[in-house]
Amino acid sequence: MFDEEKTINEILKGNLGAFQHIVKQYQNLVYSILNRLLSNDEDIEDVGQEVFIKVYDHLKNFKRESKLSTWIAKITYNIAVNYLKKNSKYQFNIIDDDSDFRFSSETPETKLIGKEFELYINRLISELPLPYRTVITLYHMDDFSIQEIKNITKFPEGTIKGYLFRARKLLKEKLEKDGYP
């Protein structure tokens, strides 16, 4: 079982090998966020490595006022947004990763329909404006609370709630337009 406090203390004492536990524990979180914000696999990999380097370099500054996952998500978000600003080629990304949605079904036909719907929803989310996409992803897919999202993005709580509302409304409108109930 992962003992966050013990692992942090080991790293701060100079045990470089203990950092692997942090990487293993949080790599899915980091890459989930990056997959939603970036579209190129090489960029995702490069930015992911940059995230973990920054986490390692700044772990001594982690004040333990939030969960480590929130702190790492904040670093991931900030690095990704800065990367997007520097590389204006990113207008939106098409997401073909289906790991965040789970559909249970009995038949191959319903599995295929579910998979197609997952890809469709991912595409719709990827077309949302960056702030909406970020907030809806952190809240609904990465299960962060409003307060944690506030800590990650520095958006005010009311703004986060507004972005969630507008993102859901846009998604609902697009679904209805395409004939989904």
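Modeller: Buried means under 20% relative accessible area, exposed over 50%, and partly exposed in between, with a 1.4 Å probe and protein chains only. This is a predicted model, where local features need pLDDT of at least 70, side-chain atom pairs count only at pLDDT 80 or more, and totals for chains, interfaces and linings use all residues. Residues are numbered from 1 along each chain as its sequence is written, and side-chain values use heavy atoms, with hydrogens and water left out.

Colleague: Why is Ser69 called buried?

Modeller: The relative accessible area of Ser69 is 14%. The cut-off is under 20%, so Ser69 counts as buried. Of the 181 residues of the protein, 42% count as buried.

Colleague: What does Ser69 touch, not counting residues up to four places away in sequence?

Modeller: Ser69 touches Tyr26, Leu29 and Phe144, a contact being heavy atoms within 4.5 Å. Ser69 lies in helix α4 (residues 68–86). Its C-alpha atom is 9.2 Å from that of Val30, 39 residues away along the chain.

Colleague: How many helices and strands does the protein have?

Modeller: There are eight helices and zero strands. Helices are DSSP runs of H or I with at least four residues, strands are E runs with at least two, and both are numbered from the N terminus.
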